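Please open the model in your viewer and follow the stops below, selecting each residue as it comes up.

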Amino acid sequence: MKKILPLLSLSLLLLSGCVDLFDETETLVYGYTDQPWAIRTKATTEKANDWDMKFMSVAISGDEWKDIDHLIYMDLASHGRNGVIYSAQSNVDAFKQLCEKHGDTKKSPIGSFRQITQSDACIYHFFKDFTTLEVTSDQDFDAAHPAGSSLLDIIHYATDSPYRVLRNNYQTVFSDNALTVEVTDDKYLSEFYGEGPFYRQLFNIFKQASDLQPGDLSILGNIYLSFDKLPDAIGPRNIMIKMTADDGMVYDFETVLTFAKIQ
């Protein structure tokens, strides 16, 4: 049986270069931002988180996919800090309303939620929840997915959301619809826990995008969208992402995936 270290204990070992502001908050969510995501891919100049992308690619499609440009990274970790912040220190009334909306109103027994990334673990979460996610292309993908049709059935969706923790009485490690990966040759883990292998829950929500429920689109930080297959004719595709918030507002994003090997 795989030994999965508790999420927060493991976080303490893997976080680096991050001022620990989280102990100062009573709620699970440290703060929210109204600045939406920046879109990154393996081929963009500002590349996505290489560590997370590597594990996503290998977990879904095998090692040969780790260098293929098939994965979209919606980055809120740094981009989100450019907007308005709602926290216990800023825009307090609006922050309290968001906490009440999510049932995040009592002192968290596990401290503040920590989303683990390779380079920057201190993040805010988006201030709106969503009801639907749509992903399309303006070009044919394959015979079953002509231009403009939904691509959700060939995409895996991954995120690490406080919503699932709140809805499960502060449980942090999940055995279903989550992605756990093996971490090998980690000197910090070996120092504290002895010889590995060790297993880290990379995302607490991980499922086929066509199976998403509104709860999977709530209290969002970073999001990953990974294609499970390549297009019939290999080549660049314009990928459009449409997210509808629970207040009816629509957020549109667009990027290009080459579906080719990145040199």
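Select Trp37, which is buried (under 20% relative accessible area, computed with a 1.4 Å probe on protein chains only), its own relative accessible area being 4%. The model is a predicted one, in which local features need pLDDT of at least 70 and side-chain atom pairs count only at pLDDT 80 or more, while totals for chains, interfaces and linings use all residues. Residues are numbered from 1 along each chain as its sequence is written, and side-chain values use heavy atoms, without hydrogens and water.

The structure holds 15 aromatic pairs, where rings of Phe, Tyr and Trp (its six-membered ring) pair if their centres lie within 6.5 Å, planes under 30 degrees apart being stacked, over 60 edge-to-face and the rest tilted. The rings of Trp37 and Phe126 have centres 4.8 Å apart and planes at 35°, so this pair is tilted. Because Trp37 lies in the loop between strand E1 (31-33) and strand E2 (38-40) and Phe126 in strand E5 (residues 125-126), the pair ties together parts that are 89 residues apart in sequence; strands here are DSSP runs of at least two residues and helices (H or I) of at least four, numbered from the N terminus.

Next select Tyr251, buried with a relative accessible area of 10%. Phe126 and Tyr251 form an edge-to-face pair, 5.5 Å centre to centre with 90° between the planes. Tyr251 belongs to strand E13 (residues 250-257), 125 residues from Phe126.

Key:
Buried < 20%, exposed > 50% of the residue type's maximum accessible area, 1.4 Å probe, protein only.
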